[in-house]
Amino acid sequence: MKRVLSSSKPCSDREEACKRLEQVSSGGRVGQGQTGPMLLSDIPKSCLESKSGVVLGIDEAGRGPVLGPMTYGCAFWSRDEEDLIPKGFTDSKQLDSNTRSSLFSSIQGCPDMGFVLRVLHASEISNNMLRAEPYNLNAQSHNAAMDMIQAVLDAGVKIDTAYIDTVGMPDAYRMKLEREFRGHDITFVVEKKADANYAPCSAASVVAKVSRDSITESWEFSEPDFEPVNGNNYGSGYPSDPKCKAWMEANLTDKVFCYPDFARFSWGPCRQAIKENGVKVTWKAEEEDANGEKEDANQTKMNMFLQSVGPKKNDASQVKKRKRVEFFERSKLRVVARVV
Amino acid sequence: MFEARLTQGKIFKQLIEALKDLVQDANIDCSEDELSIQAMDSSHVSLVQVNLQAGGFDHFRCDRTISLGFNSTNMSKILKCAGNDDVITLKAEDTADALTLMFESPGQDRIADFELKLMDIDAEPLGIPDTEYQCTIRMPSGEFQRIIRDLQVLGDTCVISCTKEGVRFSVSGDLGTGNVLLRNNAAEKEEDQVIIEMEEPVELTFALRYLNFFTKATSLGGSVILSMSPEVPVVVEYPIEEFGHIKYYLAPKIDDDA
């Protein structure tokens, strides 16, 4: 599946980075079209001139919730400046929100630590998962992580080691990363619970989690006529949270469109609620596709498990893509070889 | 110059039958010591890999490695013209754009030759990583075929779980559920045996549609070997005696929300 963002420019200084972070993490949807924003902080000078290599960590927040975005955080610094990096990172889920916020401020206040934030809005996630050819959550997660790594590389940082909290199978994910970033000589450490074991990953988890909480709490609904019953009182957004359950029940006010685009329509609880309480819609075309088989989002692909042995054809860096007219880009119009 | 002569032409017929429903276009890669095919199905969920050792042919000559891209439906159409007892010879020039297939009847009194147009197939060279599998199950291929056929009546997804107890194939669908449990069975005839070797229990979920395609290889051998490890594709191997194998790899279904 293709990656959505090819690059993102770094902020010019820390002040701008903090300002943009503030914008991104409050007040509803930010970003062009369906794809949520990616924010790359300024690049610490020590990272560009690092002698002992740059370490980078990636972690996510908000994978499970039925409401609100999933966020991807990334933090990086040079090993030379390890002493200047704030202490006290462990898995952000184990920290209370006050500690997390103060760690988040210390990340922003640390000129030697760079960070990236990528927001995948609920609408982006569900649109992708519900496409005719589903683009599943794992693949979206992998691509979000790869986009962030690419942005850091494009900004001129030579990454030595990347610590990544795994999504799906660690080995397959690591191989995918090694394949994607072949030639950059990056060591990938992909593990379960990496956020609890590696400081960069842990810092990344703070960036992701605090931003996700802030976006969720301060969400402004983009639907002009939608006034939420109970306000934004949906708790964590996890389907198991009683507050979230109650909010979902109270806010299925529109029987046709059911929920605002803050909800992940591809999630079980959401689909169930729409099926039970929404207007019944029959999509003739959906019943069977050309093969008489419905695509299954849980089905993994062989490519994930294979190693590339020969030279990669159509190396992405060599094929320059022509820029498309914005109208086509935004409306997702493209040339298709076959009519679906 | 490539030339391979096979007295038991039936094997080649069966091989193409065993992959034609799964892959449209594939390359036959020939080298000095083997003939191999590797291809994925169009949705990239499964992979088929065929390997025939040069020594298994009556005559095998391959001066330099070549790839012969073929359409499996068309290849199958031509092979339908060969009798089951015919001797099959494959021939291609180094720069040929066609593959010659020659069918000789057992009494040498009828010789037919056909030319199949070849095509260029852009196949990304992908290697299958070596995996130490936690479970291997050897069973009669007919038994496997039957299980898959039976389970398909009930649903389209099958859970294969291998434990101390044995190997269990389960399905659940709108009309009900089904389970088949096979235990170790040291039958006298090797072909009837069920042999389970297990380090750790493994449970994986697969689309029955593909497993059913794999059972098209049943006629190639009496046994089938399933190899499984957590979160990696299952290997369904049909050994072809003293000649090689056809292996199918199938990517598991993984619950996203788990």
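Predicted model: local features only at pLDDT ≥ 70, side-chain atom pairs only at ≥ 80, totals over all residues.
Me: What makes the group around A:Phe76 and A:Ile149 a nonpolar core?
Reply: A nonpolar core is a set of buried nonpolar residues joined through side-chain atoms within 4.5 Å. The largest such set has 81 residues, and A:Phe76 and A:Ile149 have the most contacts inside it. Helix α5 (residues 137-154) of chain A gives the most to this core, namely 9 residues. At least three residues come from each of domain 1 (14-217) and domain 2 (224-281) of chain A.

Me: Which residues is A:Ile149 in contact with, leaving aside its neighbours within four places in sequence?
Reply: Its partners are A:Leu56, A:Ile58, A:Ile159, A:Ile164, A:Leu177, A:Phe181, A:Ile186 and A:Phe188.

Me: Why is helix α4 of chain A described as largely enclosed by the rest of the structure?
Reply: Buried means under 20% relative accessible area. In helix α4 (residues 122-129) of chain A, 7 of the 8 residues are buried, so the helix is largely enclosed. The buried ones are A:Ala122, A:Ser123, A:Glu124, A:Ile125, A:Ser126, A:Asn128 and A:Met129. They pack against β3 (70-78), β4 (114-120) and α5 of chain A.

Me: Why is A:Val279 called partly exposed?
Reply: Its relative accessible area is 46%. Partly exposed lies between the buried limit of 20% and the exposed limit of 50%, so A:Val279 is partly exposed. A:Val279 lies in the loop between α10 (268-277) and β7 (307-308) of chain A. With A:Val256, A:Phe257 and A:Val281, A:Val279 forms a nonpolar surface patch, with about 400 Å² of accessible area together.

Me: How do you know that B:Lys80 and B:Glu17 form a salt bridge?
Reply: The cut-off is 4 Å between a side-chain nitrogen of Lys or Arg and a carboxyl oxygen of Asp or Glu. For B:Lys80 and B:Glu17 the closest N and O atoms are 3.8 Å apart, so the pair forms a salt bridge. B:Lys80 sits in the loop between α2 (72-79) and β7 (87-92) of chain B and B:Glu17 in helix α1 (residues 9-20), so the pair ties together parts 63 residues apart in sequence.

Me: Is B:Lys80 exposed or buried?
Reply: At a relative accessible area of 56%, against a limit of over 50% for exposed, B:Lys80 is exposed. B:Glu17, at 27% relative accessibility, counts as partly exposed.

Me: What makes B:Asp94 and B:Arg64 a salt bridge that links distant parts of the chain?
Reply: Their closest N and O atoms are 3.9 Å apart, and the cut-off is 4 Å. B:Asp94 is in the loop between β7 and β8 (98-104) of chain B, while B:Arg64 is in the loop between β5 (59-62) and β6 (66-71), 30 residues apart. B:Asp94 is partly exposed at 28% relative accessibility, as is B:Arg64 at 47%. Elsewhere, salt bridges that share partners join B:Glu17, B:Lys20, B:Asp21 and B:Lys80 into one network.

Technical notes:
Residues numbered from 1 in each chain as written. Chains lettered and ligands numbered in written order. Heavy atoms only, no water. Buried < 20%, exposed > 50% of the residue type's maximum accessible area, 1.4 Å probe, protein only. Helix = DSSP H or I, 4+ residues; strand = E, 2+ residues; numbered from the N terminus. Domains from an automatic or database assignment. Contact = heavy atoms within 4.5 Å. Patch = residues over 30% accessible without salt bridge, like charges linked within 9 Å, V, L, I, M, F, W, Y side chains within 5 Å. Areas by Shrake-Rupley, 256 points an atom, 1.4 Å probe, with all protein chains shown as cover.
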